[in-house]
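Good morning, and thank you for coming.

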Amino acid sequence: MTHAIAQHQFPAHFPDFVSRRMDLHYVTRIAELLGGEHPHAWQPTPASAVFLAGNDYLCLAGEPALVGAQVKALQSSQGELLMSAVYLQEGSAQHQLERKLAHFMGAEDGILAQSGWAANVGLVQTLAGPGIPVYLDMQAHASLWEGVQSAGALPVSFLHNDMEHLQKQLQRHGRGLIVVDALYSTNGSVAPLAELVQLAERNGCMLIVDESHSLGTHGPRGAGLVAALGLSDRVHFRTASLAKAFAGRAGFITCSSYFKGYFLSESRPAIFSSCLLGHELAWFDAAIDFIAAADERRAALHRHSRALREELGALGYNVSDGTEQIIALEPGPEPKTLALRKLLERHGIYGAMFCAPATPKNRSLVRLTLNSGLDRAQLARIVDACDAIRGEADLDNWSSTRRLRKLALV
Ligand SMILES: Cc1ncc(COP(=O)(O)O)c(C=O)c1O
């Protein structure tokens, strides 16, 4: 994606209904609201920067065991059959890897998809049909909402992690699918999984849990939060992006072997988009073994999350929405959030700006994602930077700070 603000060279011959939408982006949002700066275009990162905008939570990129496995697979490749997963035969390398990853998560079988997005869209689309209610936490990932749309199902939202509201919605709309993230991607909050399982069972619903941000980082040997709570047999499907702790490009769905056969012939992303390549499978094969043995990295990640949340809280930042390795600093309006991101960059701290459609319109934030490799000096630099910029960033008047003050008054 180019961040340059184009001067209408191309939209000139676009029809009005397109150029009006592009004007909303380039003119109304970027030029007028953000003073000509793109929310996601950061300055070149100096070598000393503390980069907190990626999701390689356990620092797997460049890990010799994984790179070696991938190189070996590329060098011994006999040429790949580029085709959709529906044609894969039993016993193929992909099917073997799918079982290995499923067993790692305590499931019978599984399906690798091209991405977490494709896994979620494909799964919801094969389960829900026109008119079937799909109950989504308001903060559930966009790919899950896209699956509902693709199914022509009925989206029914409930307030974030609010089980009373979910219960009310269930009473109103009846049996369907309940869809949540285990660990939410904008603020590091955790779903009340045990309560969700009970509600699903009591109301005859299926439960889908997206473990993108908890697979590898949480649970026994990294098996995720559902496994950590002993709920693997009571959650119908778990999905995950493998572009987070697994540091590759793919998505995954746990399921039974019986469901897998149905999915491969029904899911549009499985039918109409080609499957993974051999060297991608080799990476994940090695990653499962590496991650299973990475207790020390997991412990370091959790230590960093606890320490940083505590220190930021003491400085007056409202980080109370979440508890885990994703930390949201939420000024609210986009211009304020852009200013915060740039202030942090001036101190060598690089976070990612999240704004609509990833957040509600006036709840934009800078997301800091931690990783296991951060050292003491880097953690101290993050805290020092957040301390130094409080006045200039106008922390006192952020919407999240006002929420915190309100909570203190209650
Ligand atoms: C919770 C969640 N689910 C799914 C996805 C999509 O994953 P991928 O990037 O592999 O398509 C993401 C990525 O942003 C995510 O955060």
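I shall begin with the basis of the model, then turn to the overall fold, the cysteines and two further residues.

This is a predicted model, in which local features need pLDDT of at least 70, side-chain atom pairs count only at pLDDT 80 or more, and totals for chains, interfaces and linings use all residues. Residues are numbered from 1 along each chain as its sequence is written, and side-chain values use heavy atoms, with hydrogens and water left out.

Let me turn to the overall fold. The protein contains 15 helices and twelve strands; these are DSSP runs, numbered from the N terminus, with helices being H or I of at least four residues and strands being E of at least two. The C-alpha trace spans about 60 × 55 × 55 Å along its principal axes. For 410 residues, a compact globule would have a radius of gyration near 22 Å, and the protein agrees, with 22 Å. That radius is taken over C-alpha atoms, and the globule rule is 2.2 Å times the number of residues to the power 0.38.

Of the 410 residues, 50% count as buried. Buried means under 20% relative accessible area, exposed means over 50%, and partly exposed lies in between, with a 1.4 Å probe and protein chains only. As for contacts, meaning heavy atoms within 4.5 Å, we take those between residues at least 6 apart in sequence: 72% of them join residues at least 24 apart.

Next, the cysteines. If a disulfide is a pair of cysteine sulfur atoms within 2.5 Å, the count comes to zero. Cysteine 59 is in no disulfide, and the nearest cysteine sulfur, that of cysteine 386, is 19 Å away. Cysteine 59 is partly exposed, at 27% relative accessible area, whereas cysteine 205 counts as buried at 5%.

Which residues does threonine 254 contact, leaving aside its neighbours within four places in sequence? They are Met105, Ala107, Asp109, Gly110, His236, Phe237 and Arg238. Threonine 254 lies in strand S8, residues 251-255, and is buried, with a relative accessible area of 3%.

Finally, valine 235 sits in the loop between helix H8 (225-228) and strand S7 (237-241). Valine 235 is buried as well, with a relative accessible area of 6%. Beyond its neighbours within four places in sequence, valine 235 is in contact with Val197, Leu207, Val209 and Val226. Its C-alpha atom is 9.8 Å from that of alanine 194, a residue 41 places away along the chain.
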